[in-house]
Amino acid sequence: WGIFSCQLYPELGCYISKAGMAEFQEKLRLQHETTMHKELEKLLTTAKGAEQEISKKDFEGFKNLFHRFLQVKGPSVKWDKIHKPPEDLIHPYDKIKAQALPDSVAASLNKLVVVKLNGGLGTSMGCKGPKSVISVRNENTFLDLTVHQIEHLNKTFNVDVPLVLMNSFNTDEDTKKILQKYTHHRVHIHTFNQSRYPRINKESLLPVAKDLGMHGDHADAWYPPGHGDIYASFYNSGLLDQLIAAGKEYIFVSNIDNLGATVDLFILNHLMTQPKDKRCEFIMEVTDKTRADVKGGTLIQYDDKLRLLEIAQVPKAHVDEFKSVTKFKIFNTNNLWISLAAIKRLHEQNTMDMEIIVNPKTLDGGLNVIQLETAVGAAIKAFDNALGVNVPRSRFLPVKTSSDLLLVMSNLYSLDAGSLTMSKKREFPSTPHVKLGSSFTKVHDFLMRFESIPDMLELDHLTVSGDVTFGKNVSLKGTVIIIANHGDRIDIPAGAVLENKIVSGNLRILDH
């Protein structure tokens with residue numbers, strides 16, 4: 001406990017110096033770390049065959065994260081050191097698009113790899129298995145649309161842009177089965193698995209797992225540690241070196257559920273034509289914030305580097321300021337263009353410093369656990385000559401909920417070669433604001449409530465709550481609010497046109 005002097009702790013009835021307290025805390029940290037290492041060694045003894053080598057590599061990454069987690073004191077940024085990024089580091093997309101594409105665009109494409117983050121399950125939308133196999137448009141899944149897009153690129157420019165899927169232990173097996181259907185498509189598909197880390201008991205700071213098993217009661221003991229794990233797991237898989245040897249230079253990374261994240265030839269050309277002495281190793285696509293995006297991470301300048309600032313890093317007193325659309329005008333779309341050689345260099349030098357996200361969870365049995373995670377964009381500060389590109393909102397079209405699904409299934413968008421584009425018939429470039437109630441959460445229930453997807457070309461806002469169904473060829477315009485009270489049901493009849501309407505109570509049209 002060190003020297004008893006300096007600082008009074010009344011509840012202990014004694015004096016404890018700051019130095020003594022620091023020494024005590026350091027001993028406690030060392031104790032936690034030593035015990036954790038012993039527990040991980042025990043877990044490794046339960047591994048079978050090749051699983052031991054894979055888990056050993058995973059645990060190295062986890063130990064590093066756990067060590068840093070124990071060291072963390074307070075917010076990772078000092079608020080008064082945060083500055084708006086200089087204008088010359090956030091390039092407007094319009095200027096980039098104004099540059100004519102060179103004849104060598106095919107040569108640039110041949111240096112590109114598309115990576116999709118495919119670790120998520122469809123559970124939040126009531127689906128089993130990988131989220132990427134949910135049908136989103138004309139029976140096409142997220143994965144189908146991605147394969148169509150890249151195949152179209154490869155055929156149009158006579159190039160070989162491979163697709164790489166970063167799976168998790170949750171999605172790997174199912175995804176590999178589904179990939180067999182693309183065997184005859186003109187796109188080479190590779191997969192690698194992100195790490196598998198043990199969930200930590202919040203009280204004891206020890207792993208919940210008793211062995212490396214993944215089935216039954218053990219499934220809850222493990223988690224994939226966020227998309228920041230891409231750098232280490234890509235490197236460990238051997239695929240990074242394989243792609244570099246094949247002449248690939250950059251990856252374009254995005255979430256598989258972002259239907260706006262297609263390969264953009266203008267951004268690719270911009271990346272490839274940066275001056276040799278200022279070769280850009282990282283581009284983050286950002287877009288203008290709306291009220292719906294106030295929690296999204298933003299780009300700042302900090303210690304003369306571009307840096308991603310997430311809401312979790314913001315001191316409580318400044319959260320409202322962070323959410324302000326006037327001070328922080330842009331947010332990260334998680335569409336990233338990253339140099340393969342730079343990933344290799346930074347990983348081998350162990351200089352990829354990403355802030356730790358502590359994600360608290362409660363397991364089914366009521367046990368409180370924590371997951372240590374990182375975000376892929378947080379590594380931007382480690383790369384040389386990083387840039388932001390302020391892209392149109394159309395490049396950020398995530399499908400996280402059934403409300404998002406309604407938008408992408410509607411006539412607001414047309415589908416061409418796997419890419420969704422806003423209909424020219426829509427007068428406003430922004431998408432309508434749609435809020436569907438809990439009766440629509442699961443995809444199966446959502447589909448049962450629409451005989452056909454309504455015409456939404458002139459819609460601004462839609463709120464639906466309660467037991468509501470839509471007949472065929474319904475048209476929604478302006479602001480439409482439909483609320484069925486508890487126990488009531490509203491059936492919107494076929495062919496109905498609702499313009500600036502509030503519908504509430506009980507409405508049923510019966511056939512006779």
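Reader: Which residues does V369 touch, not counting residues up to four places away in sequence?
Author: This is a predicted model, so take what follows as computed from that model. V369 touches R199, I200, N201, K202, V208, N359, P360, K361 and L363.

Reader: Where is V369 found?
Author: In strand β18, residues 368–373.

Reader: Is V369 buried or exposed?
Author: Buried. Its relative accessible area is 0%. The cut-off for buried is under 20%, so V369 qualifies.

Reader: How far apart are V369 and E203?
Author: In sequence, 166 residues. In space, 8.1 Å from C-alpha to C-alpha.

Reader: Take Q194. Where is it found?
Author: In a loop. β8 (189–193) comes on one side and β9 (197–198) on the other.

Reader: Is Q194 buried or exposed?
Author: Buried, at 9% relative accessible area.

Reader: What is Q194 in contact with?
Author: Leave aside neighbours within four places in sequence. Then Q194 contacts G119, M166, N167, S168, P224, P225, G226, D229 and S233.

Reader: OK, so where is G226 found?
Author: In the loop between β11 (222–223) and α7 (230–237). G226 counts as buried, with 17% relative accessibility. Setting aside residues up to four places away in sequence, G226 touches Q194, E373 and T374.

Reader: Let's switch to sheets. What order does the open sheet of four strands have?
Author: β22-β23-β25-β27, with parallel pairing. The edge strands are β22 (433–436) and β27 (497–505), and each pairs on one side only. From one strand to the next, the twist averages 10 degrees.

Reader: What do strands of a sheet pair through?
Author: Backbone hydrogen bonds, and the pairing is either parallel or antiparallel.

Reader: How many bridges join β25 to β27?
Author: Eight. β25 covers residues 475–484, and the two strands run parallel.

Reader: Last one. Which strands does helix α12 lie across?
Author: β22 and β23 (459–465). Helix α12 spans residues 402–409 and runs at about 130 degrees to β22.

Methods: Residues are numbered from 1 along each chain as its sequence is written. This is a predicted model: local features need pLDDT of at least 70, side-chain atom pairs count only at pLDDT 80 or more; totals for chains, interfaces and linings use all residues. Side-chain values use heavy atoms; hydrogens and water are left out. Buried means under 20% relative accessible area, exposed over 50%, partly exposed in between (1.4 Å probe, protein chains only). Contact means heavy atoms within 4.5 Å. Two strands pair if DSSP finds at least two bridges between them. Axes are lines fitted to C-alpha atoms, for helices over the stretch in contact, and angles run from 0 to 180 degrees between N-to-C directions.
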